Amino acid sequence: MSKQLELALLSLMPAHGSELPPSLVELAGSLLAQSRNRASTLKAEEEVGRHYACANIACDRLKITLNLPPIEPRPPIPPRIYKRLYTHLDNILPNTSGTPRSSRLRTPSSKKRELGASPASSARQLPSRGTPSKESSLAQFRQPSQAGQVTPSKSTVRGDAAALKDGLHPWIRPTIRYMCAEMENRRLAPTVLAGVESIVAPAGRRTDDPWVSKHIADLAAAIYFFVIMRVRAMTSGDAIDREGYVPLRKEILGLLAQARHHVTIKDVNESEAWDGWRAVKSKEFDTAVAHVNDTDWLAGDWYKGLVDVVDSTREDDTGTAGEVDHDDSEAQLPARRADTMLQEKYDFLSESRLSDYAAWKDQILARIGQAMTAGGAMDIDS
């Protein structure tokens, strides 16, 4: 484990001792490695907080299992940026920390022999530690038609593993990314995925809601519509009326239908990959929109976090426009990154501060001149 990651874990739990649980260290390192693969292109200020955010996510996911002390985050970057980074990484990193692997390895056989355990006693303990077979573990998640399959094909097993990793159907993630890319809204893909996952597979398991199970495609299209609608309302200030609703609905349903032919899902057979997908009609879409509006699904953090997504987009747009308006000499100035001393409050030689200093100097010299003129005449007369 890197020293930086260890310091982040210790700073998150001030009441914890210096001995960190192995499962917590392992999960933090795993999340950090996966984040570099799934979110390889972070902004400079977000990259500074990558270690800290991964350590924070690991603590939050294992705080109940390991009975950790209170977690007190003190991120090394501004809170608004850190909140956005934490939400983004928590959404894209799989939650597989339900059963820490190290908890099954706390008492190796070598330590048992040192304690005087006989081979017979060790043999008696083996049945209690037996690992269930893969088929018995996955039986509760399989379709009824698959329950009788004794020897599934290799592609079917890999498809089940991909689907069960986070509870989502295999086609949902690539389809939503495809729709966002086609509508030039790539930054909204994590938010839409988070919204669908919070409804379809809360806590990593598929929901028992019968309506959701029967209307997966309708729900995905409706969630995408609500995200687009709110973003447009925040950016333009105008709500989507009837004239704007119909074209947007047509575009969303058209992209959903195109995804079936343009999106390729690897390592999963056809029936497993597109389980739950179907071509959604206009009336079915309207029904799904009304159903989502009647529930409390839009009260989740994924929907409220759209404000941060829009703010970050505006900041990037403003920065790009500023670079175009400035001349070449200003464009070559060093960037003000969050992890450096190149901050506005430390730039004592900036043009604005030099101008303020020149004005202050002229004012002080004028006052000194007036005081010396008055004082000098009195000294000469005396």
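Close-up 1. Phe-285 is buried, with a relative accessible area of 0% (buried means under 20% relative accessible area, exposed over 50%, and partly exposed in between, with a 1.4 Å probe and protein chains only). Phe-225 is buried too, at 3%. The ring centres of Phe-225 and Phe-285 lie 5.8 Å apart and their planes stand at 80 degrees, so this pair is edge-to-face. Rings of Phe, Tyr and Trp (its six-membered ring) pair if their centres lie within 6.5 Å; planes under 30 degrees apart count as stacked, over 60 as edge-to-face and the rest as tilted. The pair links distant parts of the chain, with Phe-225 in helix H13 and Phe-285 in helix H16 (residues 282-294), 60 residues apart. Helices (H or I, at least four residues) and strands (E, at least two) are DSSP runs, numbered from the N terminus. Ring pairs also join Phe-225, Phe-226, Tyr-245 and Phe-285 into a cluster.

A quick note on what you are looking at: this is a predicted model, in which local features need pLDDT of at least 70 and side-chain atom pairs count only at pLDDT 80 or more, while totals for chains, interfaces and linings use all residues. Residues are numbered from 1 along each chain as its sequence is written, and side-chain values use heavy atoms, with hydrogens and water left out.

**Close-up 2. Helix H13 packed on helix H16.** Here H13 and H16 pack at an angle of about 65 degrees, with their axes 9 Å apart. Axes are lines fitted to C-alpha atoms, for helices over the stretch in contact, and angles run from 0 to 180 degrees between N-to-C directions. The two helices are therefore roughly perpendicular to each other (angles under 35 degrees count as roughly parallel, over 145 as roughly antiparallel, 65 to 115 as roughly perpendicular and the rest as oblique). On the H13 side, look for residues including Asp-218, Leu-219, Phe-225 and Phe-226; on the H16 side, Glu-284, Phe-285 and Asn-293 are among them. Contact means heavy atoms within 4.5 Å.

**Close-up 3. Helix H13 packed on helix H14.** H13 (residues 216-236) and H14 (residues 242-262) pack at about 135 degrees, with 10 Å between their axes, and are therefore oblique to each other. H13 passes H14 in a right-handed crossing. Ala-217, Ala-221, Tyr-224, Phe-225, Ile-228 and Arg-232 of H13 meet Tyr-245, Leu-248, Ile-252, Leu-253 and Leu-256 of H14.

**Close-up 4. A tyrosine pair in helix H5.** The structure holds 11 aromatic pairs. One of them joins Tyr-82 and Tyr-86, a tilted pair at 6.3 Å centre to centre with 45 degrees between the planes. Being four residues apart in H5 (residues 79-92), these tyrosines are separated by about one helical turn. Both Tyr-82 and Tyr-86 are buried.

**Close-up 5. Two loop residues with positive phi.** Asn-67 has a positive phi of about 55 degrees although it is not a glycine. Asn-67 sits in the loop between helix H4 (50-62) and H5, and counts as exposed at 67% relative accessibility. Glu-184, also not a glycine, has a positive phi of about 60 degrees. You will find Glu-184 in the loop between helix H10 (172-182) and helix H11 (189-200); with a relative accessible area of 72%, Glu-184 is exposed.

Notes: Left-handed = near helix turned anticlockwise from the far one by under 90°.
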